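Please have the sequence and the structure open while I talk.

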Amino acid sequence: AITILTAFALNDTTNSTIINITFNDTANISLVNVSLNETPDTTINISDNKTKVKRDKSYYLEKHNISSKKGKKFTLTTLKNLDEDQEIIIEFEADANVSKWRDDLKGEKLGKYVSKKTGKREILFLLDNKDVKKIWPNRRVNITVNDASAIVGANSFHQIGIGTGVKTCVLDTGVALDHSMLSGNEIEYADFTGEGFFDGHGHGTHVATTLLGNDSAYTGITPGATLYAGKVLDSSGGGLLSWVLEGMDWCIDNNVSVISMSLGATYSEEPEELLDAPEVLKVKEAVEKGVVVVIASGNSGAGMVTTPGLSLDALTVGAVTKQNESVSFSGWDYINGTLKPDLVAPGVDICAGVPSGYSCLTGTSMATPIVAGLAALLVEQGVNDIKGHLINNAVDIGLDFGLAHIEVTEEVDL
């Protein structure tokens with residue numbers, strides 16, 4: 001026999017309760033023995049889909065969805081215990097006084113959002129408040145870990161321009177400001193993690209120097225660009241989406257032309273459910289203001305493009321080898337019928353700067369700044385629709401899922 005033990009805490013026993021227990025298609029329901037210590041007016045239903053418990057407010061155990069009486073929903077995708085406090089992002093209605101809510105909740109204000117750590121009781125209170133539009137998980141974001149410039153033909157493009165003065169924003173683990181590869185660049189920086197600005201991981205320095213570094217060892221894609229370095233990931237290589245939102249706002253406020261993000265968060269929902277998530281809408285806002293937003297597709301392989309890389313507005317980048325061979329870790333999926341990533345670029349053994357010197361790293365993280373750098377070169381040349389231009393000028397390398405390798409030379413039609 002199969003024993004399935006599930007503990008439900010239904011503290012209010014004065015009302016009748018309906019419990020729906022649902023199993024996967026492979027489960028043999030005839031072997032299931034349900035034992036429940038509850039009030040006599042409890043009803044038990046067993047069926048074949050996803051396990052859930054339903055009361056006046058619904059607690060969906062498999063994906064940990066909480067929905068209010070008014071139908072507003074919150075998904076606790078990383079939850080192990082429904083009673084543990086959670087990091088959340090609260091989205092407010094357009095006419096709500098977000099500043100007052102921020103003060104009342106003692107949270108951090110992010111435009112029309114407030115982020116904070118709180119528990120289930122307060123979440124349920126917020127869900128039923130008229131000022132609250134939706135509550136999102138403040139997901140954990142992580143890094144998506146020879147001369148990149150030569151690999152994609154940017155060296156020959158440098159005869160036309162090197163991206164001089166083009167504002168490029170890298171949101172990552174910070175950068176080593178004293179690295180020799182960055183000695184020729186104008187740099188602005190800000191910390192959104194609370195750690196202070198430095199690169200305690202190395203990932204951010206590698207990404208930034210791939211994009212725009214230059215010294216006797218290696219040359220980045222756009223060595224003349226201005227770097228805006230926003231630290232949104234801490235020394236562990238992780239961070240919160242609220243930090244990324246703050247970083248993106250900072251990039252937008254500084255009128256950058258290109259944002260490069262070699263980071264992403266996984267999720268258990270269908271990707272289409274996240275198309276109105278705060279980080280995805282922030283990408284849309286940036287693009288509508290003329291910014292080219294380049295984001296890694298993540299390292300989870302087929303069936304997963306991390307957020308915010310799943311944004312249909314982003315220029316999403318996957319990885320191939322230097323020989324244009326596919327790699328199994330490169331994330332890809334169809335989002336609302338659209339194939340993501342939009343492009344692939346070399347992401348295996350890419351050599352660039354790290355705080356201690358130089359290192360050759362692998363991941364969609366390494367491919368992303370290559371594409372971001374090429375976008376900056378095209379900004380310098382006054383190209384319109386840079387996302388479309390790069391996709392249309394990519395070289396078809398015959399990958400099974402229809403992606404193309406990007407290559408830019410001075411012969412590219414500007």
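Predicted model: local features only at pLDDT ≥ 70, side-chain atom pairs only at ≥ 80, totals over all residues.

Cys169 is buried, with a relative accessible area of 0%, where buried stands for under 20% relative accessible area, exposed for over 50% and partly exposed for what lies in between, computed with a 1.4 Å probe on protein chains only. Cys251 is likewise buried, at 0%, and these two residues form a disulfide with their sulfur atoms 2.0 Å apart, a disulfide being counted when a pair of cysteine sulfur atoms lies within 2.5 Å. Cys169 lies in strand β12 (residues 167–172) and Cys251 in helix α6, so the bond ties together parts that are 82 residues apart in sequence; helices here are DSSP runs of H or I with at least four residues and strands are runs of E with at least two, numbered from the N terminus. Because the torsion about the S-S bond of Cys169 and Cys251 is about -55°, this disulfide is left-handed.

Residues are numbered from 1 along each chain as its sequence is written, and side-chain values use heavy atoms, with hydrogens and water left out.

The count comes to two disulfides, and the other one joins Cys351 to Cys360, with an S to S distance of 1.9 Å. Its torsion about the S-S bond is about 95°, so the disulfide of Cys351 and Cys360 is right-handed. Cys351 is buried at 8% relative accessible area, whereas Cys360 is partly exposed at 39%.

Which strands does helix α6, the helix of Cys251, lie across? Helix α6 (residues 241–253) lies across β11, β15 and β17, and runs at about 75° to β15, the angle being taken on a scale from 0 to 180 degrees between N-to-C directions of lines fitted to C-alpha atoms, for helices over the stretch in contact, with contact meaning heavy atoms within 4.5 Å. Those three strands form an open antiparallel sheet in the order β15-β11-β17, two strands being paired if DSSP finds at least two bridges between them. β15 (238–240) and β17 (263–264) stand at the edges with a single partner strand each, so one side of each is left without a neighbour in the sheet. Three bridges join β11 (residues 140–143) to β15, and Asn142 stands opposite Gly238 in β15.
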